[in-house]
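Biologist: Please take a close look at the aromatic pairs in this structure. Start with the overall fold, then go ring by ring.

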Amino acid sequence: MSFTGTRHRRAATSLTRGFIAVGTGAAALLLPLLGAQAASAAPTAAPAARTAAYTDDLDGWIKESLAVMAEHGIPGSYEGIHRNVMRESSGNPLAVNNWDSNAAAGTPSKGLLQIIDPTFLAYHVPGTSTDSFDPVANITAACNYAADRYGSIDNVNGAY
């Protein structure tokens, strides 16, 4: 003889649903902790270095600066940086302007993007050198300044 009735599941009470939710929540909180504890027992590998190799020339300095700028949300493009570097210093990281109004006031413009020391210090980007002649630090600080003042180094088409 076969059973031909409908099977009814007892309706869950709100109290039962509460226990289920709490139990599920506790498991969700404990599982990552238990997994982390088990993972800590396993041998760990050294973290992978995330530094890329950059050439020690204008191309490499611009590419490294763009990487730092991306980490800090500073806009700019290779073309915009290169165009301004060529106009400001012809690509010479040790260029110093000893003849303009900044120089006359005692703070000559320096480096690839001809930035004065007070501006360099104000717009210095953490993780770069504090030497305004350092090509990557110079480009990055100048691009940070240009972003604040003009929206991007890409918008700079003359002395700034």
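Modeller: The protein has six helices and two strands. From the N terminus, the order is α-α-α-β-α-β-α-α. Helices (H or I, at least four residues) and strands (E, at least two) are DSSP runs, numbered from the N terminus. The model is predicted: local features need pLDDT of at least 70, side-chain atom pairs count only at pLDDT 80 or more, and totals for chains, interfaces and linings use all residues. Residues are numbered from 1 along each chain as its sequence is written, and side-chain values use heavy atoms, leaving out hydrogens and water.

Of the 160 residues, 31% count as buried. Buried means under 20% relative accessible area, exposed over 50%, and partly exposed in between (1.4 Å probe, protein chains only).

Now the rings. The structure holds two aromatic pairs. Rings of Phe, Tyr and Trp (its six-membered ring) pair if their centres lie within 6.5 Å; planes under 30 degrees apart count as stacked, over 60 as edge-to-face and the rest as tilted. Tyr123 and Tyr145 have ring centres 5.3 Å apart and planes at 75°, so this pair is edge-to-face. The pair links distant parts of the chain, 22 residues apart. Tyr123 sits in helix α5 (residues 117–123), and Tyr145 in helix α6 (residues 135–150).

Tyr145 is buried, with a relative accessible area of 13%. Tyr145 also pairs with Tyr150: the ring centres are 6.5 Å apart and the planes stand at 85°, so this pair is edge-to-face. Tyr150 is partly exposed, at 32% relative accessibility. Through these ring pairs, Tyr123, Tyr145 and Tyr150 form a cluster.
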